[in-house]
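Subject: Handing over the structure

Dear colleague,

I am passing this structure on to you, with the sequence alongside, so please have both open as you read. My notes on what was found in it follow directly below.

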Amino acid sequence: MIAIDPVQNTERDNYKLLIGSIIPRPIAFVTTLSGDGVLNGAPFSFFNIVSSNPPMISLSIQHAGGRHKDTARNILHNKEFVVHIVDRQNVGQINITAAPLPPEHSEIALAGMTPADSLLIKVPGVAEAKVRMECVLEHYVELPNNDLLIGKVVQFHINEDILEQGRIDPAKLEAVSRLAGNDYAGIGDIFTIERPV
Ligand SMILES: Cc1cc2nc3c(=O)[nH]c(=O)nc-3n(C[C@H](O)[C@H](O)[C@H](O)COP(=O)(O)O)c2cc1C
(Lines give C-alpha, C1' and ligand atoms only; values in the text may rest on other atoms or scores of the structure.)
Protein backbone atom coordinates (compact mmCIF):
# COMPACT_ATOMS: atom_id res chain seq x y z
CA MET A 1 0.00 0.00 0.00
CA ILE A 2 1.16 3.57 -0.66
CA ALA A 3 0.38 6.14 2.06
CA ILE A 4 -0.63 9.50 0.60
CA ASP A 5 -1.01 12.68 2.64
CA PRO A 6 -3.74 14.77 0.96
CA VAL A 7 -2.16 17.95 2.31
CA GLN A 8 1.04 17.23 0.33
CA ASN A 9 -0.96 16.26 -2.77
CA THR A 10 -2.18 18.64 -5.45
CA GLU A 11 -5.89 19.49 -5.54
CA ARG A 12 -6.10 17.68 -8.91
CA ASP A 13 -4.46 14.50 -7.58
CA ASN A 14 -6.81 14.41 -4.57
CA TYR A 15 -9.77 14.86 -6.93
CA LYS A 16 -8.54 11.98 -9.11
CA LEU A 17 -8.06 9.71 -6.06
CA LEU A 18 -11.60 10.46 -4.86
CA ILE A 19 -13.38 10.06 -8.19
CA GLY A 20 -11.35 6.96 -9.00
CA SER A 21 -12.13 5.35 -5.62
CA ILE A 22 -15.72 6.32 -4.91
CA ILE A 23 -17.35 4.46 -7.78
CA PRO A 24 -19.86 3.96 -9.20
CA ARG A 25 -21.43 7.35 -8.43
CA PRO A 26 -25.10 7.93 -9.28
CA ILE A 27 -25.74 10.91 -11.52
CA ALA A 28 -28.37 13.58 -10.94
CA PHE A 29 -29.46 15.66 -13.89
CA VAL A 30 -30.57 18.90 -12.24
CA THR A 31 -32.83 21.55 -13.72
CA THR A 32 -33.09 25.03 -12.24
CA LEU A 33 -34.50 28.41 -13.27
CA SER A 34 -32.38 31.54 -13.53
CA GLY A 35 -33.64 34.93 -12.32
CA ASP A 36 -34.43 35.71 -15.98
CA GLY A 37 -36.46 32.50 -16.38
CA VAL A 38 -33.86 30.52 -18.37
CA LEU A 39 -34.22 26.75 -17.78
CA ASN A 40 -30.77 25.45 -16.87
CA GLY A 41 -29.73 21.79 -16.78
CA ALA A 42 -26.51 20.04 -15.74
CA PRO A 43 -25.36 16.64 -14.44
CA PHE A 44 -23.78 16.11 -11.00
CA SER A 45 -22.28 12.90 -9.63
CA PHE A 46 -21.47 14.19 -6.15
CA PHE A 47 -25.06 13.15 -5.43
CA ASN A 48 -26.75 10.82 -2.97
CA ILE A 49 -29.61 10.11 -0.51
CA VAL A 50 -29.15 11.74 2.88
CA SER A 51 -32.47 10.83 4.48
CA SER A 52 -35.58 8.86 3.61
CA ASN A 53 -37.84 10.31 6.32
CA PRO A 54 -38.30 12.97 5.12
CA PRO A 55 -36.89 12.11 1.68
CA MET A 56 -33.77 14.24 1.19
CA ILE A 57 -30.91 14.22 -1.30
CA SER A 58 -27.53 15.95 -1.45
CA LEU A 59 -25.65 17.61 -4.30
CA SER A 60 -22.17 19.03 -4.07
CA ILE A 61 -21.29 21.55 -6.73
CA GLN A 62 -17.74 22.73 -7.17
CA HIS A 63 -17.05 26.41 -7.70
CA ALA A 64 -15.88 27.31 -11.21
CA GLY A 65 -13.30 30.07 -11.41
CA GLY A 66 -14.01 30.96 -7.76
CA ARG A 67 -17.74 31.47 -8.42
CA HIS A 68 -20.96 29.48 -8.00
CA LYS A 69 -21.93 27.38 -11.02
CA ASP A 70 -25.26 28.41 -12.56
CA THR A 71 -27.08 25.47 -10.91
CA ALA A 72 -25.91 26.41 -7.41
CA ARG A 73 -26.57 30.10 -7.97
CA ASN A 74 -30.12 29.40 -9.18
CA ILE A 75 -30.90 27.03 -6.28
CA LEU A 76 -29.58 29.51 -3.72
CA HIS A 77 -31.67 32.20 -5.36
CA ASN A 78 -35.08 30.51 -5.61
CA LYS A 79 -34.62 27.38 -3.41
CA GLU A 80 -36.10 24.97 -5.97
CA PHE A 81 -34.74 22.34 -8.37
CA VAL A 82 -35.64 19.09 -10.10
CA VAL A 83 -33.41 15.98 -9.92
CA HIS A 84 -33.63 13.38 -12.72
CA ILE A 85 -32.02 9.95 -12.78
CA VAL A 86 -29.56 9.56 -15.65
CA ASP A 87 -30.12 6.41 -17.69
CA ARG A 88 -28.94 4.68 -20.87
CA GLN A 89 -31.52 6.51 -22.98
CA ASN A 90 -30.91 10.08 -21.79
CA VAL A 91 -27.16 10.03 -21.00
CA GLY A 92 -26.15 11.25 -24.49
CA GLN A 93 -28.39 14.31 -24.32
CA ILE A 94 -27.42 14.94 -20.69
CA ASN A 95 -23.73 14.89 -21.61
CA ILE A 96 -24.46 17.74 -24.05
CA THR A 97 -25.89 19.79 -21.16
CA ALA A 98 -22.56 19.66 -19.27
CA ALA A 99 -21.23 22.30 -21.70
CA PRO A 100 -20.26 25.47 -19.79
CA LEU A 101 -22.84 27.82 -21.36
CA PRO A 102 -23.32 31.42 -20.23
CA PRO A 103 -26.34 31.81 -17.86
CA GLU A 104 -28.58 33.34 -20.53
CA HIS A 105 -28.38 30.17 -22.70
CA SER A 106 -30.43 27.05 -21.93
CA GLU A 107 -28.61 23.71 -21.99
CA ILE A 108 -32.07 22.10 -22.24
CA ALA A 109 -32.70 23.78 -25.59
CA LEU A 110 -29.16 22.96 -26.76
CA ALA A 111 -29.68 19.25 -26.02
CA GLY A 112 -33.19 19.23 -27.56
CA MET A 113 -34.85 18.12 -24.31
CA THR A 114 -38.55 18.64 -23.54
CA PRO A 115 -39.55 20.75 -20.51
CA ALA A 116 -42.14 19.09 -18.26
CA ASP A 117 -44.12 21.16 -15.76
CA SER A 118 -43.72 20.43 -12.07
CA LEU A 119 -46.70 20.09 -9.76
CA LEU A 120 -45.48 21.81 -6.59
CA ILE A 121 -42.57 24.03 -7.66
CA LYS A 122 -42.03 26.60 -10.40
CA VAL A 123 -38.95 24.89 -11.89
CA PRO A 124 -39.87 22.52 -14.75
CA GLY A 125 -38.15 19.18 -15.17
CA VAL A 126 -37.61 17.41 -18.49
CA ALA A 127 -39.62 14.56 -19.97
CA GLU A 128 -36.49 12.56 -20.91
CA ALA A 129 -36.11 10.74 -17.57
CA LYS A 130 -37.97 7.78 -16.05
CA VAL A 131 -37.61 9.23 -12.55
CA ARG A 132 -37.70 12.87 -11.53
CA MET A 133 -38.02 14.50 -8.15
CA GLU A 134 -39.21 18.01 -7.38
CA CYS A 135 -36.98 19.35 -4.60
CA VAL A 136 -36.86 22.34 -2.29
CA LEU A 137 -33.62 23.50 -0.69
CA GLU A 138 -33.52 22.64 3.04
CA HIS A 139 -29.85 23.15 3.96
CA TYR A 140 -26.89 24.90 2.42
CA VAL A 141 -23.35 24.25 3.62
CA GLU A 142 -20.71 26.57 2.23
CA LEU A 143 -17.53 24.51 1.83
CA PRO A 144 -14.18 26.09 0.83
CA ASN A 145 -14.58 25.40 -2.91
CA ASN A 146 -17.99 23.74 -3.07
CA ASP A 147 -21.65 24.37 -2.48
CA LEU A 148 -23.22 21.47 -0.57
CA LEU A 149 -26.97 21.55 -1.09
CA ILE A 150 -29.50 19.35 0.68
CA GLY A 151 -32.94 19.24 -0.85
CA LYS A 152 -36.21 17.73 0.33
CA VAL A 153 -38.14 15.76 -2.29
CA VAL A 154 -41.67 17.18 -2.35
CA GLN A 155 -42.93 15.22 -5.37
CA PHE A 156 -41.78 12.07 -7.19
CA HIS A 157 -42.59 11.40 -10.86
CA ILE A 158 -42.01 7.78 -11.89
CA ASN A 159 -42.64 6.22 -15.31
CA GLU A 160 -45.13 3.40 -14.63
CA ASP A 161 -43.29 1.09 -17.09
CA ILE A 162 -40.35 0.71 -14.67
CA LEU A 163 -42.53 -0.21 -11.68
CA GLU A 164 -43.06 -3.80 -10.53
CA GLN A 165 -45.64 -3.92 -7.72
CA GLY A 166 -44.79 -0.37 -6.68
CA ARG A 167 -41.01 -0.96 -6.65
CA ILE A 168 -38.52 0.25 -9.24
CA ASP A 169 -37.10 -2.52 -11.43
CA PRO A 170 -33.37 -1.72 -11.92
CA ALA A 171 -33.29 -3.58 -15.25
CA LYS A 172 -35.98 -1.23 -16.56
CA LEU A 173 -34.59 1.96 -15.04
CA GLU A 174 -31.17 1.32 -16.68
CA ALA A 175 -29.48 3.95 -14.50
CA VAL A 176 -25.93 4.81 -15.45
CA SER A 177 -23.22 5.94 -13.09
CA ARG A 178 -20.08 8.01 -13.35
CA LEU A 179 -16.58 6.68 -12.99
CA ALA A 180 -13.54 8.92 -13.59
CA GLY A 181 -12.73 10.95 -16.70
CA ASN A 182 -15.26 10.35 -19.48
CA ASP A 183 -16.14 6.85 -18.30
CA TYR A 184 -19.60 5.68 -17.28
CA ALA A 185 -20.95 2.31 -16.13
CA GLY A 186 -24.27 0.54 -16.43
CA ILE A 187 -25.68 -1.79 -13.80
CA GLY A 188 -23.45 -4.89 -13.94
CA ASP A 189 -23.84 -8.15 -12.08
CA ILE A 190 -26.71 -8.17 -9.61
CA PHE A 191 -26.24 -10.67 -6.78
CA THR A 192 -28.09 -11.32 -3.54
CA ILE A 193 -26.72 -11.95 -0.04
CA GLU A 194 -29.13 -12.73 2.79
CA ARG A 195 -28.56 -10.54 5.87
CA PRO A 196 -27.84 -12.33 9.12
CA VAL A 197 -30.76 -12.23 11.56
C1 LIG B 1 -21.55 12.94 -15.63
C2 LIG B 1 -21.10 14.25 -15.07
C3 LIG B 1 -21.05 14.45 -13.70
C4 LIG B 1 -20.67 15.69 -13.15
N5 LIG B 1 -20.65 15.84 -11.80
C6 LIG B 1 -20.34 17.05 -11.26
C7 LIG B 1 -20.37 17.24 -9.84
O8 LIG B 1 -20.68 16.33 -9.06
N9 LIG B 1 -20.07 18.48 -9.35
C10 LIG B 1 -19.77 19.52 -10.19
O11 LIG B 1 -19.52 20.63 -9.70
N12 LIG B 1 -19.73 19.36 -11.53
C13 LIG B 1 -20.02 18.16 -12.08
N14 LIG B 1 -20.01 18.00 -13.44
C15 LIG B 1 -19.75 19.16 -14.30
C16 LIG B 1 -21.00 20.04 -14.47
O17 LIG B 1 -22.07 19.31 -15.03
C18 LIG B 1 -20.64 21.21 -15.40
O19 LIG B 1 -19.68 22.03 -14.75
C20 LIG B 1 -21.84 22.04 -15.84
O21 LIG B 1 -21.44 22.88 -16.91
C22 LIG B 1 -22.39 22.91 -14.73
O23 LIG B 1 -23.48 23.61 -15.27
P24 LIG B 1 -24.07 24.95 -14.68
O25 LIG B 1 -22.97 26.00 -14.72
O26 LIG B 1 -25.20 25.24 -15.61
O27 LIG B 1 -24.50 24.68 -13.29
C28 LIG B 1 -20.33 16.75 -14.02
C29 LIG B 1 -20.35 16.56 -15.41
C30 LIG B 1 -20.71 15.33 -15.94
C31 LIG B 1 -20.75 15.14 -17.43
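Glu174 lies in the loop between helix H5 (170-173) and E13, where helices (H or I, at least four residues) and strands (E, at least two) are DSSP runs, numbered from the N terminus. Although Glu174 is not a glycine, its phi is positive, at about 55°. Glu174 counts as partly exposed because 18 other C-beta atoms lie within 10 Å; a residue is buried if 20 or more other C-beta atoms lie within 10 Å of its own, exposed if 12 or fewer, and partly exposed in between, with C-beta atoms placed from the backbone.

Please keep in mind that this is a predicted model, in which local features need pLDDT of at least 70 and side-chain atom pairs count only at pLDDT 80 or more, while totals for chains, interfaces and linings use all residues. Residues are numbered from 1 along each chain as its sequence is written.

A second residue with a backbone of this kind is Gln165, which is not a glycine either and has a positive phi of about 50°. Gln165 sits in the loop between strand E11 (163-164) and strand E12 (167-168), and it counts as exposed because it has 5 C-beta neighbours inside 10 Å. Most residues other than glycine have a negative phi, and most peptide bonds are trans. Two peptide bonds should be noted here: the one from Ile23 to Pro24 is cis, with omega near -15°, and a cis bond also joins Asn53 and Pro54, with omega about 0°. Pro24 belongs to the loop between helix H1 (11-21) and E1, whereas Pro54 belongs to the loop between E4 and E5.

Turning to the sheets, there is an open sheet of seven strands in the order E3-E2-E6-E9-E10-E5-E4, with antiparallel pairing, where two strands pair if DSSP finds at least two bridges between them. Its edge strands, each of which pairs on one side only, are E3 (39-44) and E4 (47-52). From one strand to the next the twist averages 35°; axes are lines fitted to C-alpha atoms, for helices over the stretch in contact, and angles run from 0 to 180 degrees between N-to-C directions. An open sheet of three strands, also with antiparallel pairing, has the order E1-E13-E14, and its edge strands are E1 (25-26) and E14 (184-185). E1 is joined to E13 (residues 177-178) by two bridges, with Arg25 standing opposite Arg178.

Which residues have the most contacts inside the largest nonpolar core? They are Ala28, Val30 and Val83, in a core of 31 residues; such a core is a set of buried Ala, Val, Leu, Ile, Met, Phe, Trp, Tyr and Cys residues joined through C-beta atoms within 7 Å. The elements that give two or more residues to this core are E2, E3, E5, H2, E6 and E9.

Helix H2 (residues 70-78) lies across E2, E3, E5, E6, E9 and E10, running at about 55° to E2. Its buried residues are Asp70, Thr71, Ala72, Asn74 and Ile75, and just after H2, Lys79 takes a positive phi of about 65°.

Finally, 16 residues surround the ligand, and the closest are Ala42, Phe46, Lys69, Asp70 and Thr71; a residue is near a molecule if its C-beta atom, placed from the backbone, lies within 6 Å of it. E3 gives the largest share of this shell, four residues, and E3, E5 and H2 each supply at least two.

With best wishes

Methods: Two residues are in contact if their C-beta atoms, placed from the backbone, lie within 7 Å.
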